[in-house]
Amino acid sequence: MIKVDSTSLITIKTESATSQASVGLSAPSVGTISSVENLRDHLQWAIELEHSTIPPYLCALYSIEPGRNLEAIEVISSVVVEEMLHLTLAANLLNAVGGRPRLDIPKMLPGHPRPLPHSDRSFEISLFRFGPEAIESFLKIEKPSPKIDHPEGDSYETIGQFYQAIERGFRELSAILGEANLFCGDTARQVTDQHFYSGGGRIIPVVNLATSLAAQEEIVEQGEGGAHSRVWDGDSDVFHPERDQVAHYYRFQELKLGRRYRRGDTPRSGPTGDPIAIDWDGVRPMRTNPRTANHVAGSPIRLAQEEFNHSYCTLLQSLEEAFNGAPQMLGAAIGAMYTIKALAQGLMQMPTEDGLETAGPTFEYVSPERRAKRP
């Protein structure tokens, strides 16, 4: 018989050599996600992974001077909104299996440069102003999986491989435990489109295996494209509804190559559509990987950076509350994004002490206790 314990390893007891065959099941493969608790751990890592893309994208976006590089602003803005969608979908997946999404924690903001969480550490993410270096970093983040690859639940090379391991975990645990036992979370904690979303794709409430697979597909296809041979993610361009939308990797490739993809283009052909005008000089000279420690305590830059960090961590707190049974808090989180934008752009107008660059947001963690002490 099969003994189900949703918080520990699955124990399969057999009274005869044929009992396992009689139910048509087999234990998960060696080295894969083999317990609900392990699946919850990986889904928390997914939340950390999706969030890790947001600070570098925001830095590049906010460093663009007002009125300049409008097409680049559209591209990066659309990606940021969809990364927030992916963060929400990862939280829905974790809630669906009885987990608790954590966002207001130090490991969400470990400092830059940093690797993608639980990746193979083959490259590190930095906070760059908008420019060729930033675009190259973004292409590494969103790199598509190779045609012949294998799931990697830890030390993955691509985000697609990481989600393949999670997909396999969902399928195997559903087969062994039964969907009703695996998807044991409170459905009231699921975030839906009605709460707020205005980007490509959709928020998918996760209540069973089919919806869990749909949520994961949404994340991967928006990031790296579909079926390895397509650049399209299946959505319409939110800024230009008459256009089909390409996946994140190919949107950043459009900026690098200065040309849009059009119907008939493939990953091999590259973009052959309309040109995109890029003005690399229309950008504030933000210092790479800014840190509060680089500035004297009490100085204007240090105080402005501390205010930004306080506000950003308050945003993480609002998101954690929203994903843990208070979805109405998403409105407050969206409102906080406008404050964060103003604070970041203000920093990027403050010259550093040497006068060669400007300051920038540092995305450093501030504990709730320190936040409470602020006036």
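1. Confidence. pLDDT is the predictor's confidence in each residue, from 0 to 100. This is a predicted model, so begin with that score. The protein chain averages a pLDDT of 88. A score of at least 70 is reached by 88% of the residues. Treat residues 1-31 separately: pLDDT stays under 50 there. For that stretch the model has 38 contacts beyond four places in sequence.

2. Overall make-up. The protein chain holds 12 helices and 4 strands. It has 375 residues, and 55% of them count as buried. Take the contacts between residues at least 6 apart in sequence: 69% of them join residues at least 24 apart.

3. The nonpolar core. In soluble globular proteins, nonpolar side chains tend to be buried together. Here the largest nonpolar core has 99 residues. Ile76, Phe170 and Tyr312 have the most contacts inside it. Helix 4 gives the most to this core, with 14 residues. What does Tyr312 touch, leaving out residues up to four places away in sequence? The list is His51, Ile54, Pro55, Leu58, Leu109, Ile340 and Phe363.

4. Helix 9. This helix covers residues 248-257. Of its 10 residues, 8 are buried, so the rest of the structure largely encloses it. The buried ones are His248, Tyr249, Tyr250, Arg251, Phe252, Gln253, Glu254 and Leu255. Which elements cover them? The cover includes helix 3 (54-63), helix 4 (70-96), helix 5 (132-141) and helix 8 (209-224). It also includes strand 3 (232-236) and strand 4 (244-246). Gly258 follows helix 9, and its phi is positive, near 70°.

5. Helix 6 against helix 8. Two packed helices are described by the angle between their axes and the distance between the axes. Helix 6 spans residues 159-177. Its axis and that of helix 8 come within 10 Å and cross at roughly 175°. Angles over 145 degrees count as roughly antiparallel, and helix 6 and helix 8 are therefore roughly antiparallel to each other. From helix 6, the residues that meet helix 8 include Tyr163, Ile166 and Phe170. Among those on the helix 8 side are Leu213, Gln216 and Val220.

6. Gln222. This residue also belongs to helix 8. Is Gln222 buried or exposed? Its relative accessibility is 0%, so Gln222 counts as buried. Beyond its neighbours within four places in sequence, its contacts include Glu82, Leu85, His86, Asp233 and Asp235. His248 and Arg251 are also among them, and both are buried residues of helix 9. Gly200 is another contact of Gln222. Gln222 and Gly200 lie 22 residues apart in sequence and 8.5 Å apart in space, C-alpha to C-alpha.

7. Ser77. Look in helix 4 for Ser77. Ser77 has a relative accessible area of 18% and is buried, because the cut-off is under 20%. Ser77 touches Leu61 and Phe239, not counting residues up to four places away in sequence.

8. Backbone points to check. A cis peptide bond joins His112 and Pro113, with omega about 5°. Pro113 sits in the loop between helix 4 and helix 5. His118 is in the loop between helix 4 and helix 5. Its phi is positive, near 65°, and His118 is not a glycine. His118 counts as partly exposed, at 29% relative accessibility. Asn69 has a positive phi too, about 50°, although it is not a glycine. Asn69 lies in the loop between helix 3 and helix 4. With a relative accessible area of 7%, Asn69 is buried.

Definitions and conventions:
Residues are numbered from 1 along each chain as its sequence is written. This is a predicted model: local features need pLDDT of at least 70, side-chain atom pairs count only at pLDDT 80 or more; totals for chains, interfaces and linings use all residues. Side-chain values use heavy atoms; hydrogens and water are left out. Helices (H or I, at least four residues) and strands (E, at least two) are DSSP runs, numbered from the N terminus. Buried means under 20% relative accessible area, exposed over 50%, partly exposed in between (1.4 Å probe, protein chains only). Contact means heavy atoms within 4.5 Å. A nonpolar core is a set of buried Ala, Val, Leu, Ile, Met, Phe, Trp, Tyr and Cys residues joined through side-chain atoms within 4.5 Å. Axes are lines fitted to C-alpha atoms, for helices over the stretch in contact, and angles run from 0 to 180 degrees between N-to-C directions. Angles under 35 degrees count as roughly parallel, over 145 as roughly antiparallel, 65 to 115 as roughly perpendicular and the rest as oblique.
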